Amino acid sequence: MNQDIFVAIEHLRGKVSDISYIMLAAAHDLAHSSGGKVVAILLGHNVQELAGNLKADQVLYADHSFLTDFNPEAYQKTLAKIIDEYKPRAVFFGQTSIGMDIVGGISAQLGLPLVSSVRTIEADNKIISQICGGKIMAECKLPETTALITLVPGGYKPELGQSTQLPPITSIPVQMLDGLRIKLNQYIEPETSDVDISKESLLIAVGRGIQNQDNISLAEELAQAIGGVVCASRPVVDQGWLPTSRLVGKSGSTVKPKVYLAIGISGAPEHVEAITGSDVIIAINTDPAAPIFNIAKYGTTADLFDLVPALTEQIRNIKG
Amino acid sequence: MNIIVPVKLVPDLVEELSIDASGTALDTAWLRMIINEFDDHAIEQAILLKERTGAHVTVLSTNVEGVDDLLFTAAAKGADRLIKLNGDFESGINNHTLARAMATILRDLKPDLVLTGVQANNDLDGSIGPQLAEYLGMPYIGYVSGVTVSGETVIVRKEYPGGLIVEMEASTPVLLGIQAAEQPPRYVAISKVRQMMKTMSIEELDLSTLDSTGAPVVNRMFQPEATGRATMLPENADNAANQLVTIFKELGVL
């Protein structure tokens with residue numbers, strides 16, 4: 001095993017994902033204590049230019065037409081071989097729909113330890129993970145063998161993983177990728193809708209606390225009175241109470257309104273990562289321990305079923 | 001089509017969580033456990049496939065407190081076979097251990113399709129799906145929110161950020177990590193679950209030696225210190241509404 005820290009770069013349709021820069025930032029911290037280099041692993045086809053602003057000491061570039069788009073099988077095979085060959089101190093993956101599809105398989109295949117939901121790496125190689133919807137932190141020691149780590153956003157600024165200096169790029173051979181059992185058919189674009197919540201300045205967001213579909217009207221009435229738009233966290237959209245175009249979070253939109261009013265939203269990490277760009281977050285939740293209060297500027301534990309109608313009423317009176 | 005759905009119970013995050021005396025695990029004494037919500041979607045997706053194209057659905061879980069209710073509920077929704085896995089789960093069980101042990105059992109069940117939740121709220125060593133797939137030698141696709149089966153071909157909709165979907169195709173056997181079923185998990189009346197308790201039986205299988213290699217050792221668990229804390233407004237709804245109006249005015253949105 002050497003002391004280098006590897007980062008499995010993620011990119012989607014020609015753009016490097018933010019999590020890649022966040023991983024590079026974390027990798028530099030870890031490399032500082034291990035004394036190794038930060039090495040970015042880039043997989044794809046004719047995407048060498050994506051390496052341009054990666055803050056890394058070296059880029060290992062695997063180019064193959066079968067790696068053009070993310071294919072869990074092809075990516076896992078390729079990355080497993082690279083990791084097995086180089087045996088770095090640690091490898092970062094994104095805790096995303098790309099990284100999480102392959103890291104578990106690599107861990108099982110190579111028999112390497114895996115720590116997930118990692119937010120930061122502290123002094124003495126203490127790995128801090130965030131579990132139970134952000135309500136619990138777990139501290140593990142960096143395993144002694146090559147460690148696979150999946151990173152969530154929030155612990156490092158993406159800017160710290162970017163550089164204006166082109167890193168040295170080394171092309172590496174790609175093993176045979178014939179006989180893949182998974183193939184990509186097509187991309188399906190997000191449904192176009194009446195509103196683009198990523199561009200709205202006042203969002204009224206509802207979460208699991210809204211309890212049922214009929215209650216969505218409470219938020220809609222408030223939005224109508226004040227001139228905002230209703231959006232939601234994952235459970236509400238999964239229930240079919242609001243369309244996917246209104247989803248804020250990991251698989252949905254990242255928003256940056258002037259005001260984000262979170263109603264009955266606990267503040268799970270997947271949701272929080274998509275709203276931190278808001279100017280002001282206001283949270284209504286009866287659970288005083290809800291993590292949403294840690295990032296909100298204002299909060300109340302008032303019952304939403306009393307507060308929201310009262311607020312709508314007051315605003316209607318003001319506006320006449 | 002033979003569909004297997006491995007599911008697990010996870011802490012109910014609505015309840016207050018606390019750390020036990022060892023300082024390295026959740027205090028289970030007061031912990032309320034519920035089905036992992038993504039597993040609930042996996043069950044729903046399996047039942048939808050059964051209704052659409054015909055399938056035999058087996059739901060299995062570890063034998064811990066609450067498992068019978070979980071399995072009988074799955075039966076009330078339409079599962080055909082229920083299995084609980086015996087082992088020493090006293091101090092909890094991680095995904096590496098479970099995936100390794102479960103693989104030997106699943107191999108004998110010869111599934112065409114394995115559906116499981118894409119993640120669980122207490123995962124600390126990755127999610128179980130991709131590990132299980134690797135031990136079974138099956139391909140894995142996660143973050144799936146739609147599944148169509150046609151013969152031996154499975155077509156899935158996988159979610160990417162920003163609402164982008166990618167359609168992928170695989171031939172059976174395949175393991176899928178379900179993010180969301182095509183419709184919300186159905187509700188079943190308690191009476192129907194009770195009826196299942198009388199008419200269905202739960203098979204018990206023993207897990208082989210438990211080997212936790214690959215999972216991290218937790219040195220400490222703690223509740224996060226708030227880096228910031230909201231200025232709290234009154235709990236009384238009318239007073240809170242008053243103050244919110246003032247705040248909205250200050251922020252220029254009213």
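Reply: For a pair of axes, an angle under 35 degrees counts as roughly parallel, over 145 as roughly antiparallel, 65 to 115 as roughly perpendicular, and the rest as oblique. This is a predicted model, in which local features need pLDDT of at least 70 and side-chain atom pairs count only at pLDDT 80 or more, while totals for chains, interfaces and linings use all residues. Residues are numbered from 1 along each chain as its sequence is written, and chains are lettered from A and ligands numbered from 1 in the order in which they are written.

The helix pair in chain A comes first. The axes of helix H2 (residues 72-86) and helix H3 (residues 99-110) of chain A come within 9 Å and cross at roughly 45°, where helices (H or I, at least four residues) and strands (E, at least two) are DSSP runs numbered from the N terminus, and axes are lines fitted to C-alpha atoms, for helices over the stretch in contact, with angles from 0 to 180 degrees between N-to-C directions. H2(A) and H3(A) are therefore oblique to each other. On the H2(A) side the meeting residues are Pro72(A), Tyr75(A), Gln76(A), Leu79(A), Ala80(A), Ile83(A) and Asp84(A), and on the H3(A) side they are Asp101(A), Ile102(A), Gly105(A), Ile106(A), Gln109(A) and Leu110(A); two residues are in contact if their C-beta atoms, placed from the backbone, lie within 7 Å.

In chain B, helix H3 (residues 95-109) and helix H4 (residues 128-136) have axes that come within 9 Å and cross at roughly 45°. That angle makes H3(B) oblique to H4(B), and H3(B) passes H4(B) in a right-handed crossing. Among the residues of H3(B) at this meeting are Leu98(B), Ala99(B), Met102(B), Ala103(B) and Leu106(B), while H4(B) brings residues including Ile128(B), Leu132(B) and Leu136(B).

Packing can also be followed one helix at a time. Helix H1 (residues 18-34) of chain A has 17 residues and reaches 24 Å from its first C-alpha to its last, close to the 24 Å expected, the expected span being 1.5 Å times one less than the number of residues. Its buried residues include Ile19(A), Tyr21(A), Met23(A), Leu24(A), Leu30(A) and Ala31(A), where a residue is buried if 20 or more other C-beta atoms lie within 10 Å of its own, exposed if 12 or fewer, and partly exposed in between. The partners of the buried residues of H1(A) are strands of chain A, among them S4 (38-44), S6 (90-94) and S7 (114-122). Just after H1(A), Gly35(A) takes a positive phi of about 80°.

Helix H6 (residues 237-250) of chain B, by contrast, leads from one chain to the other. H6(B) has 14 residues and reaches 20 Å from its first C-alpha to its last, close to the 20 Å expected at 1.5 Å a residue. Ala237(B), Ala240(B), Ala241(B), Leu244(B) and Phe248(B) are buried in H6(B). Seen down the axis of H6(B), these buried residues fall within an arc of 100°, so they line one face of the helix; the arc is that of the directions from the helix axis to the C-beta atoms. The face turned away from that buried side carries the exposed residues Thr246(B), Lys249(B) and Glu250(B). The buried residues of H6(B) pack against helix H4 (216-226), strand S17 (298-300) and helix H8 (304-319) of chain A. Just after H6(B), Gly252(B) takes a positive phi of about 75°.

From the chain A side, Leu311(A) gives another view of this packing. Leu311(A) lies in helix H8 of chain A and is buried, with 28 other C-beta atoms within 10 Å. Leaving aside its neighbours within four places in sequence, Leu311(A) is in contact with Leu222(A), Ala241(B) and Leu244(B).

For context, the secondary structure of chain B comes to six helices and 13 strands. Of the 254 residues of chain B, 48% count as buried.

How values were computed
A crossing is left-handed if the near helix is turned anticlockwise from the far one by less than a right angle, and right-handed if clockwise.
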